[in-house]
Amino acid sequence: MSEFVSLEISEAIATVTLLRPTMPPALFVELEALFGRLAAEKGLRAVVVQSTAKAFSFGLDLRAAMADLGPHLGGGGAADRMELLGLIQRYQRGFDAVAACPVPVIAAIQGPCIGGGLDLAAACDIRLSTRDAYFSVRETKIAIVADLGSLQRLPRLLGQGLVRELAFTGKDLSAERALSIGLVNELFDDAAALQAGARKLALEIAANPPLTVRGVKAVLDHGEGKSVADGLAYVAAWNAAFLASEDLGEAMASFMEKRTPRFAGK
């Protein structure tokens with residue numbers, strides 16, 4: 001058991017739980033390793049990322065981060081700059097691994113979702129939150145250009161104008177506003193209802209043909225920044241390679257027999 005994050009897998013769904021309200025440097029290393037492990041789980045169908053703390057996350061643990069980064073922030077030369085670059089990239093890989101997970105990842109966000117917390121949420125496929133949640137690109141207020149994914153992933157979700165406003169000001173975005181602009185899909189009254197809702201959604205995803213769901217995510221990810229024609233060419237090639245499957249036969253048979261399908265991921 002890690003002191004920063006826990007993992008439970010049940011009914012082909014992984015639940016990744018943040019155990020602290022802030023993110024020390026070690027968390028990013030653990031997330032990279034954990035999601036690397038999940039990417040190799042062939043039977044996995046969905047992931048829920050949640051928190052047991054009073055916040056989804058207040059973001060970077062500044063004290064721990066300064067111990068890690070501080071020695072390289074002085075007036076050193078190129079070697080120090082390269083060390084600092086490597087450390088930042090190590091942090092980035094933690095959330096990149098979340099985004100690269102081959103199955104859908106649902107963020108269950110309770111309370112504050114600030115800085116690195118929003119970076120993590122942006123790396124997930126779907127976001128749900130409690131009504132008391134709020135969101136902030138808070139790095140600006142502490143003299144840091146957000147560098148763990150918010151400035152790259154949020155514009156694809158919200159558009160440039162709103163993201164620039166949030167990042168230039170560092171102000172809070174309420175859950176109601178987040179719902180209205182599509183940052184979150186649904187609001188819940190409290191953390192228990194939120195986690196139950198996230199689990200229900202994950203089970204709904206898991207009930208579908210698992211390789212098809214993975215294919216949908218791969219096609220959607222490939223289409224980011226591409227033309228419609230590029231996306232159509234990719235999905236045509238994908239289906240030409242993977243459309244024929246045992247699950248397709250099961251879908252047809254269950255429809256004809258008027259029964260619930262039993263998808264095996266084959």
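**Figure 1. Salt bridges across the model.** There are eleven salt bridges in this structure, which is a predicted model. The idea behind such contacts is simple: side chains with opposite charges can pair when their charged atoms come close.

**Figure 2. E32 meets R93.** Here the side chains of E32 and R93 come together in a salt bridge, at 3.4 Å from N to O. E32 sits in helix 1 (residues 25–39) and R93 in helix 3 (residues 78–99), so this pair ties together parts that lie 61 residues apart in sequence. Neither end is tucked fully away: E32 is partly exposed, with a relative accessible area of 29%, and R93 is partly exposed too, at 38%.

**Figure 3. R131 reaches D189.** This view shows a salt bridge between R131 and D189, whose closest N and O atoms are 2.9 Å apart. Again the pair links distant parts of the chain, 58 residues apart. R131 belongs to the loop between strand 6 and strand 7, while D189 belongs to the loop between strand 9 (186–188) and helix 8 (191–206). How accessible are the two partners? R131 counts as partly exposed, with 43% relative accessibility, whereas D189 is exposed, with a relative accessible area of 62%. Look for E176 here as well: salt bridges that share partners join R131, E176 and D189 into one network.

**Figure 4. E224 pairs with R156.** In this close-up, E224 forms a salt bridge with R156, and their closest N and O atoms are 3.5 Å apart. The two come from distant parts of the chain, 68 residues apart: E224 is in the loop between helix 9 (210–223) and helix 10 (228–242), and R156 is in helix 5. E224 is partly exposed, with a relative accessible area of 39%, and R156 is exposed, at 52%.

Figure 5. Six of them form an open sheet, in the order 1-2-3-4-6-9, with mixed pairing. Strand 1 (5–10) and strand 9 stand at the edges with a single partner strand each, so one side of each has no neighbour in the sheet. From one strand to the next, the twist averages 20°. As a reminder, strands of a sheet pair through backbone hydrogen bonds, either parallel or antiparallel.

**Figure 6. Strand 4 and its neighbours.** Zoom in on strand 4 (residues 105–109), and you'll find that five of its five residues are buried. Which residues cover which side? Strand 3 (residues 46–51) pairs with strand 4 in the parallel sense over three bridges. In that pairing, V47 stands opposite V105, and V49 stands opposite A107. Strand 6 (residues 126–130) also pairs with strand 4 in the parallel sense, over four bridges. There, A108 stands opposite L128 of strand 6.

Figure 7. I144 is partly exposed, with a relative accessible area of 30%.

Conventions
Residues numbered from 1 in each chain as written. Predicted model: local features only at pLDDT ≥ 70, side-chain atom pairs only at ≥ 80, totals over all residues. Heavy atoms only, no water. Buried < 20%, exposed > 50% of the residue type's maximum accessible area, 1.4 Å probe, protein only. Pairing = 2+ DSSP bridges. Salt bridge = Lys/Arg side-chain N within 4 Å of Asp/Glu carboxyl O. Axes fitted to C-alpha atoms, helices over the stretch in contact; angles between N-to-C directions.
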